[in-house]
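Reader: Could you walk me through this model, with the cut-offs spelled out as we go?
Author: Gladly; here it is, and we can begin with a term that will come up soon.

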Amino acid sequence: MDWSLFLDLFTNADRFLTTIATEYGILIYIVMFLIFFMETGIVIMAFLPGDSLLFVAGAVSATGAIDPWILTAVVTLGAITGNTTNYYLGSWLGHKIYDGSISWIDQEALNKTHNFYVKHGGKTIFLARFVPVVRSFAPLIAGAASMRVSRFELYSISGAFAWVYGLIWAGHLFGNIPLIRNHLTTILLCGIASALVPTIILATIKFFKRRFSQNTTLQ
């Protein structure tokens, strides 16, 4: 496989999906499972495209290159198992995830998700499916907060079905409208930006606050 093809995942997802589906067949379902398992199960992979990729995949399925029903089932499974893995990781780490000693956890994104969790309670696990970055951290926080497993899985599974089914079939039904079809790359890039921009803004604010605090101390 030409690994440079994976650059298309972030810049030209319809070509990425179509190429793998036509040249490697069933591998497309394995790749999609892994993408959504990692995006929801490994917090450092929160940058992976989620919402936009689901919509684009739905549009590609309308061309016949991918079976939409198998795609929906595989991605839903990936999203559920990813959340469950992340939950148990949070349960294992406990409150250590909040003290800043774990370098691979983005503390700004963690705090944002924690505030979301406090505001919406258990519904966070369901609602987080539709919020980039937050959906990658919500299961971790639920595990650290010792949320009951059965309650967590109820929200996680129902949220996964609503998120995956809704976006894939929206893409399947509307993705081949010429205006939308011709701008699938723009849709993908907007989806990625929606995940990255808030984190960048928070990091920038934190940087300037630190600089301001240092300057005030020196004076």
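Author: A polar contact here is a pair of N or O atoms within 3.5 Å; within protein, one must be able to donate a hydrogen and the other to accept it, and residues adjacent in sequence count only if both atoms are side-chain atoms. This is a predicted model, in which local features need pLDDT of at least 70 and side-chain atom pairs count only at pLDDT 80 or more, while totals for chains, interfaces and linings use all residues. Residues are numbered from 1 along each chain as its sequence is written, and side-chain values use heavy atoms, with hydrogens and water left out.

Reader: OK, which backbone oxygen lies 3.1 Å from a polar atom of the Asn-86 side chain?
Author: That oxygen belongs to Thr-40. Asn-86 itself sits in helix H5, where helices (H or I, at least four residues) and strands (E, at least two) are DSSP runs, numbered from the N terminus.

Reader: Is Asn-86 buried or exposed?
Author: Asn-86 counts as buried because its relative accessibility is 0%; buried means under 20% relative accessible area, exposed over 50%, and partly exposed in between, using a 1.4 Å probe and protein chains only.

Reader: And what is Asn-86 in contact with, leaving aside neighbours within four places in sequence?
Author: With contact meaning heavy atoms within 4.5 Å, the partners of Asn-86 are Thr-40, Gly-41, Ile-42, Val-43, Ser-136, Pro-139 and Leu-140.

Reader: Switching to loops, where is Gly-94 found?
Author: Gly-94 is in the loop between helix H5 (68-93) and helix H6 (107-120), and it counts as buried because its relative accessibility is 15%. The C-alpha atom of Gly-94 is 4.4 Å from that of Ala-144, although the two residues are 50 apart along the chain.

Reader: What about Ser-146, buried or exposed?
Author: Ser-146 is exposed, since its relative accessible area is 61%. This serine lies in the loop between helix H8 (134-144) and helix H9 (149-174), and its phi is near 60°, a positive value in a residue other than glycine.

Reader: Zooming out, how many helices and strands does the protein have?
Author: The protein has 11 helices and zero strands. Of its 219 residues, 46% count as buried, and among contacts between residues at least 6 apart in sequence, 76% join residues at least 24 apart.
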